[in-house]
There are 2 protein chains.
Amino acid sequence: MSSSPSLDTLIEALQCLPGVGQKSAQRMALYLIERDRAGAQRIAVSLNQALEKVSHCQQCRNFADSDICQICANSGRDDSLICIVETPADVLAMESSGAYRGLYFVLLGRLSPLDGLGPEQLGLESLEVRLADQTLKEVILATSATVEGDITAQFIADVASKYSIETSRLARGIPLGGELEFVDSGTLSRALSGRQHYDR
Amino acid sequence: MSSSPSLDTLIEALQCLPGVGQKSAQRMALYLIERDRAGAQRIAVSLNQALEKVSHCQQCRNFADSDICQICANSGRDDSLICIVETPADVLAMESSGAYRGLYFVLLGRLSPLDGLGPEQLGLESLEVRLADQTLKEVILATSATVEGDITAQFIADVASKYSIETSRLARGIPLGGELEFVDSGTLSRALSGRQHYDR
């Protein structure tokens, strides 16, 4: 118990943030109240605004402020490419790479029948509608490099092959700056089998 | 840029939290919007409430919801003891030790003339009023174990001696669980000079 119940409530509430325990929550609350009340105000306002406005894009299932998200609505993007990812965080990661200018489709999960996640929960029906459309030229499967991610990618590749659309999967191999000595054997074996020949 | 401007604003706002950068802010924002909207609501409400209600206690300068904080207002506490600390966080640390049941006085800083922090900024006038009062029996100086903390403690001890009130300073020495091998030489020298004799 501290000297102020409102402060206690705030410390308690901040602990719902991921990776924030009692001590960090206390530090954050004291910092906000002591030194950055304007920042605290900004957080409260933007939280309320996000809670009110943010829902899922009806086209790609990513977060959006309106029916269609800013990426889907952007006419400057290449609508012949679609990249399939698992989560909105994956979209942010792809965007920050700056290497992709196509559209996305967010599964909001991966195939996992034991957890009750089937094709329906991942919105694959609405994805199929887009695949049937003639504008798409390539589907890039960017689900994660795990067993479930691979199965999900394979499933979607099978669907796409029905519409004879080209499909690809993100390359596996040694990460940038990776030293051979410290790379795990699974990654090394994938890097070897996926080796690229020099053009001559 | 993500797919939702409200989400971007939230990620931006969360970065004012101490120890939170771009990546953590993103993780927090996505977590709140995806999985814990009730938690997000609680944070927003408690932030607004804290901003509106929390000010400083007129008696001890700690945070309080009303004019007098909950610790000063608690009649169960020993009002013959006063513990002088630098920050509200120090009060929380003392309280969590559970070893102290007296009152506090929060300096909100330490003497540092170069930074413009003199006796006036630390509220030492109002502290002196309380020292002049006859109820106090002991002043416990719990400013930090730094040069500035020591000077601040010495200054307050001098003031208290005018009113012939007993003063004490938190013990210095080897921390609990500390291994001699890894204790720095300054601490070791203080622990030696402050050694306690066994009763026989």
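Residues are numbered from 1 along each chain as its sequence is written, and chains are lettered from A, with ligands numbered from 1, in the order in which they are written. Because the model is predicted, local features need pLDDT of at least 70 and side-chain atom pairs count only at pLDDT 80 or more, whereas totals for chains, interfaces and linings use all residues; side-chain values use heavy atoms, with hydrogens and water left out.

A rotation of 180°, with 0.0 Å of shift along its axis, superposes chain B on chain A with an RMSD of 0.0 Å, the copies being superposed by least squares on the C-alpha atoms of residues with pLDDT of at least 70 in both. The two copies are thus related as by a two-fold rotation axis. The same surface serves both copies, in that 100% of the contact residues of chain B recur in chain A. Of the residues of chain B, A44(B) comes closest to the rotation axis, its C-alpha lying at 2.2 Å.

In the interface itself, 51 residues of chain B are in contact with 51 residues of chain A, where contact means heavy atoms within 4.5 Å. The area buried between the two chains is about 5,100 Å², of which carbon and sulfur atoms give 70%; buried area is here the accessible area (1.4 Å probe) that two parts lose on being put together, summed over both. Of the area that chain B buries against chain A, 13% is supplied by S3(B), L51(B) and F63(B), more than by any other three residues.

Between chain B and chain A the count of salt bridges is zero, a salt bridge being a side-chain nitrogen of Lys or Arg within 4 Å of a carboxyl oxygen of Asp or Glu. Across the interface, 14 residue pairs, with both residues at pLDDT 80 or more, are in polar contact, defined as a pair of N or O atoms within 3.5 Å, of which, within protein, one must be able to donate a hydrogen and the other to accept it, residues adjacent in sequence counting only if both atoms are side-chain atoms. On the side of chain B that touches chain A, at least two residues each come from α1 (5-14), α2 (22-35), α3 (37-53), β2 (63-64), α4 (70-73) and α5 (88-97), these elements being DSSP runs numbered from the N terminus (helices H or I, at least four residues; strands E, at least two). The largest share of that side, 13 residues, comes from α3(B).

Leaving aside neighbours within four places in sequence, S4(B) is in contact with V54(A), F63(A), A64(A) and D65(A), and a polar contact of 2.6 Å joins the side chains of S4(B) and D65(A).

A positive phi in a residue other than glycine, near 55°, is found at L108(A), in the loop between β4 (102-106) and α6 (124-132) of chain A, where L108(A) is partly exposed at 30% relative accessibility. In chain B, L108(B) has a positive phi of about 55° and is partly exposed, with a relative accessible area of 31%.

Conventions:
Buried < 20%, exposed > 50% of the residue type's maximum accessible area, 1.4 Å probe, protein only.
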